[in-house]
Amino acid sequence: MVPAGEGRLGGGRRRCRTRRCRCRRRRSSRGAPASGPTSAAPTVGAADESGSGAAALPRQPRRTVLTPERLLAIGGALVTILGVGFLLAVAIAAGIFGPVPRVVSLALLTVALGAVAARLRDRAPDAAVALAATSSAAAFGVVVAMTTIYGWLPASAGIVAALVIAGAGVFVAHRWGRPVLAGLSYAQVLLVLPMVLGDLDDAAMGRLTIFATIAFLPIVLVVVEHRWMRLYRFAAGALLLVALVGLLTDSVGDTAAVVRLLASLAAAALVAGVATALGEVVVVGAALGVTSLTVLSLRGQEVAFAGVSLDSGAAAVLALACGIAAWRYRARLRAVLTAGAVLHLFLATVALPASDDVIAIALAFEGLVLLLAARSGRSTALWCASLVLSAIACLRLAAMVPLSALFVTSWSVESTRWEAVVVGVLVAAIGAAHTATVKRIQVPKVRDDVRTLVGVAFLLYGASSAVVAVGLLPGASETREMGAAVVTTVIWVAVAVAMILRPASPVTRAGYLVLVAAVAKLFLIDLHAVDGILRAVLFVLTGLALIGASSQIRKFAAPRGSDARG
């Protein structure tokens, strides 16, 4: 008989040995050598005996969607559908089946195929999916027969039945874990809905887009739960295609056409929102492209609410949504969302009920705000967006203030307006901000010197245009025009000197070119166009600027020369 203490001692030893074995197994799984007589299992990445390097993990076979068994199952389903169709056609031609027996037989076939698919779910899953898809196709056939062919049910009842069948197919796919079945159900309902709706006019196309969006919602639920990304790409692409077809309308101001376009806009916005949450960059870009096309189509409808056009309001809302989402995501998704926000912001701006000059002011202001936001958040995408909007504003500024007027103000045949002054000031501010953000924002594959030159170009052009626009305002005298010419030359000289005083770089060489242009303008144009005290002041200021630049360059060059002699 074993004493109680000895039994407890033996139990404690057994527990200790069990713990040691567990510790050894944990160390082996981590790749660390276990202490004791038990040798550790070879770890992944350890060098082999031949010294050829780290042992690589065996490559897993890539999963393919269209395996041979799935191809056979799909082919069998198609052949089964064709065979049933041929059988019904023969029976109808022989006069055996009337309308009621035809529909009843198709409904019985639906139930039979569904029951067989449920029985084969575990033993032959691919065959079960094919039979289930065939069963849903037969069910959709019953709906088409009862609505479009025989007219027993109204179109609304047929649409509800089709949506219920599609939802049931997605539910079965969710329970079985088969995304292919969900995709087939969605494709079938997209084919059946036009048959039930009949003639696809503007009103019918609007309803088709709405019902296709409703059928898309169960797909979203199963995709979010199972992460079936291929299924989402397929369903999203199909819905975007329906939305694009909904844009093809010739009606203007018709309520049905507006509803049709709004349905397409809502469908594309839903696809973009879900794709953003799932991280699908390509789908987000495609959906935002469809929304931009929809906004352009809405612009032709000329519909306004409370003084705001429908396309401008929709574009502004989409721009705000894309901008908010862009701050929550990173990498490529942020770049795509930022581009979408800027694109819709541009569409909302150009759709404002204002003149082209006021729109140019808005674009220049938006470019400045985006540049400041890019500097604050170190965003390359916002920097590029600001550059695009600023360039568009400069194009409009060139139409308001001719380029020839920058050299000779008297060459301008018409006076300018105050909007040109505002746009010029904003463009100059954009140029100054660009030169100040060179070191703060890193733009891949673009040198800092190039970005500095871009900022200087904006600054020089904006400031010169603003000054010339002031000299060409209505009621301006000859003295004001000459003063504008003098100030323009002084600005050129000052900017050129600032560029020359930079360390040796392409900016310095560009500064010399600007200085040559300023001096050429001084002697070839201003000498004859400006007289009196203004001419004297212009030459004195230009000379002093050149002397100051020379002295500063000598100071910068002196330390380098002394170092070379030493």
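Reader: What makes D448 and R451 separated by about one helical turn?

Author: D448 and R451 are three residues apart in helix α16 (residues 448–471), so about one helical turn separates them. Helices here are DSSP runs of H or I with at least four residues, strands are runs of E with at least two, and both are numbered from the N terminus. This is a predicted model, where local features need pLDDT of at least 70, side-chain atom pairs count only at pLDDT 80 or more, and totals for chains, interfaces and linings use all residues. Residues are numbered from 1 along each chain as its sequence is written, and side-chain values use heavy atoms, with hydrogens and water left out.

Reader: Why is the pair D448 and R451 called a salt bridge?

Author: The term needs a side-chain nitrogen of Lys or Arg within 4 Å of a carboxyl oxygen of Asp or Glu. The closest N and O atoms of D448 and R451 are 3.5 Å apart. That is within 4 Å, so the pair qualifies.

Reader: Which residues does the network of salt bridges with shared partners join?

Author: K439, D448 and R451 are joined into one network. D448 also forms a salt bridge with K439, where the closest N and O atoms are 3.6 Å apart.

Reader: How many salt bridges does the structure hold?

Author: The structure holds six salt bridges. One of them pairs R178 with D126, with the closest N and O atoms 3.8 Å apart. R178 lies in the loop between α5 (155–176) and α6, and D126 in helix α4 (residues 125–149), so the pair ties together parts that are 52 residues apart in sequence.

Reader: What makes D126 count as buried?

Author: Its relative accessibility is 17%, so D126 counts as buried. R178 has a relative accessible area of 22%, so R178 is partly exposed.

Reader: Why is α6 called roughly parallel to α8?

Author: Helix α6 (residues 179–197) and helix α8 (residues 229–245) pack at an angle of about 10°, with their axes 9 Å apart. That makes α6 roughly parallel to α8. Angles under 35 degrees count as roughly parallel, over 145 as roughly antiparallel, 65 to 115 as roughly perpendicular and the rest as oblique. The axes are lines fitted to C-alpha atoms, for helices over the stretch in contact, and angles run from 0 to 180 degrees between N-to-C directions.

Reader: Which residues of α6 and α8 meet?

Author: In α6 they are P179, A182, G183, Y186, A187 and L190, and in α8 they are L231, F234, A235, A238, L239 and V242. Contact means heavy atoms within 4.5 Å. By class, 11 residues are nonpolar, one is polar and none is charged. Ala, Val, Leu, Ile, Met, Phe, Trp, Tyr, Cys and Pro count as nonpolar, Asp, Glu, Lys and Arg as charged, and the others, Gly among them, as polar.

Reader: What makes a set of residues a nonpolar core?

Author: The members are buried Ala, Val, Leu, Ile, Met, Phe, Trp, Tyr and Cys residues, joined through side-chain atoms within 4.5 Å. The largest nonpolar core has 68 residues. Y186, V189, F216, I219, V223, Y232 and V271 touch the most other members. Leaving aside neighbours within four places in sequence, Y186 is in contact with residues including A212, A215, F216 and I219.

Reader: Why is T489 called buried?

Author: T489 has a relative accessible area of 0%, so T489 is buried. Its place is in helix α17 (residues 478–500). T489 and V519 are 30 residues apart in sequence and 8.3 Å apart in space, C-alpha to C-alpha.

Reader: What about D122, buried or exposed?

Author: D122 has a relative accessible area of 70%, so D122 is exposed. D122 is found in the loop between α3 (99–119) and α4.

Methods
Buried < 20%, exposed > 50% of the residue type's maximum accessible area, 1.4 Å probe, protein only.
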